[in-house]
Amino acid sequence: MRIFIVLFLVFISLTVSSQTVLSLDNCIQIAQGQSVEAKQAKNNYLIASYDYKLYRKSLLPSLTLSGSLPAFNRTISTITLPDGTEAFVSQSVGNYSGTFSLSQAIPFTGGQLFVSTGLQRLDIYQDGTTTSYLANLVNVGINQSIIAYNPYKWKKKIEPLQYQQSERDYIEKLQDAALLAINHYFELLTYQVSLELTIQNKINNDTLLQIAKERFALGKITEDELLEVEVNDLTLSLQIEELQNDWSEKQAALADFLGYPTHEEFTLLMPFKLAIEQIDQAKAEEEAKRNGVAEVDYRRRLLVAQSELAQAKADRGFSVDLYASFGLSQSDALFKNAYKSPLDQEQITLSFTIPILDWGVAKHKRKRAEVTLNNATLSIEQEQMDFYRNLRNTIRQYNLQLPQLKLMERRGELSNKRFEMSRERYMMGKINFLDYSVAQNEKDNAQLDYIVALQKSWAKYYEIRKYTLYDFLHGRKIEVEL
């Protein structure tokens, strides 16, 4: 009787007095908000969003102020005298300058527009101070490659896809966090249920052991059968100790994963069956094409390969560059006069480079880029076939799992009923202990098998969510929530 009371108290303490009652939905929600995996995924998404913002900002005009206040230089240098001879002269010069520059990239041509204005003051310290000013009122120009690779054109196509991929990748990583949560949850739940079943079996076995001892004393059973009950009683005690140790390890693993203190204890609730018994394959494939990370990744990688080919074709050694500027400037010893009657200045340069002999370097670069593009296309086509084949297999496994759960539920009901009948018949002396043990094991295995099947159905459902980034329970696309 004392053992019975102790085991009953242990059972109550494990199932009732735990600090945190946790459902699978709550576990997934916490994992997607607090786990290290979820936090890292969020940080990666934020980094990608900042990268995209930087790209967008790089297309805007930039205004800079540059100058020197002052630049003093005292040297002995060679100068040419009026009579044509040269002499070493000590010079002391102070230079003060400031320039405002406004530049703007031209995305559709790959060139650069610029506007600047500035002022320079020159002080010569020799036999008194001589001061002069040079005012660049305005200088407008363009720097444009006529035949060249245009990185802006390709970035305009690639960068939005890169950002879109990072957004979807973040949602996908949250589904990974959910899958890890499901794994931790069901591992702990399996040990929790196994421990509860074993404790209950020990309680039942203690009762049967007392009955077996009384029957042996009356000569109704053999000593071999009594020993069988006693051995089973000791085996159950050892199993309880092992299960308690494993249960504690799984408790700590779940607590660490969810960001709780390691000593936190959970009482897990039995998850419900998913409301969706069948997922339509065509619908899932449609959502995967519309929302999935893979589709965006395929398009981005193909564009990157096409960009590399365009760059290889443009990088043939032959180039034509245009530089043109127009400005107004004036100089004078007086500051106010430096802004009067400015003189115009123009500069136009059309430079070119023509390779005479490059030993086929440009040709090989182009050929290499063509092969790389072809290889990327083949890889993407193969990955697409693998992706949708895996998606279809996962949907098939999910659709088969839920009908099996119904069968397992019925199996559990029948196993429980058979066990209760076997226990009553054993206590009445109509069956031996071996038949009773078989019914007990069938009852326990049926419940544990049901948990395994339930875990598989939840895991497959979240794998489908990961492929499609679509919530089939609520019929909506999964959005980013920060």
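1. Let's start with Phe419 and Tyr436: both residues are buried. Keep in mind that you're looking at a predicted model. These two form an aromatic pair of the tilted kind, with 5.6 Å from centre to centre and 45 degrees between the planes. Where do Phe419 and Tyr436 sit in the chain? Phe419 belongs to helix α8 (residues 361-427), while Tyr436 belongs to helix α9 (residues 433-468). They are 17 residues apart, and the pair links distant parts of the chain.

2. Now zoom out for a moment. How many aromatic pairs turn up in a search of the whole structure? The count is 20. One of them joins Tyr133 and Phe335: the ring centres are 5.6 Å apart and the planes stand at 75 degrees, so this pair counts as edge-to-face; the cut-off for that label is over 60 degrees.

3. Tyr133 is in strand β5 (residues 129-145), and Phe335 is in the loop between β7 (319-332) and β8 (343-353), so their pairing ties together parts that lie 202 residues apart in sequence.

4. Finally, check the charged side chains over rings. Arg215 lies over the face of Tyr426, 5.4 Å from the ring centre. Lys289 lies over the face of Tyr388, and there the distance to the ring centre is 5.7 Å.

Technical notes: Residues numbered from 1 in each chain as written. Predicted model: local features only at pLDDT ≥ 70, side-chain atom pairs only at ≥ 80, totals over all residues. Heavy atoms only, no water. Phe/Tyr/Trp six-rings, centres within 6.5 Å; stacked < 30°, edge-to-face > 60°. Helix = DSSP H or I, 4+ residues; strand = E, 2+ residues; numbered from the N terminus. Buried < 20%, exposed > 50% of the residue type's maximum accessible area, 1.4 Å probe, protein only. Lys NZ or Arg CZ within 6 Å of the ring centre and 35° of its normal.
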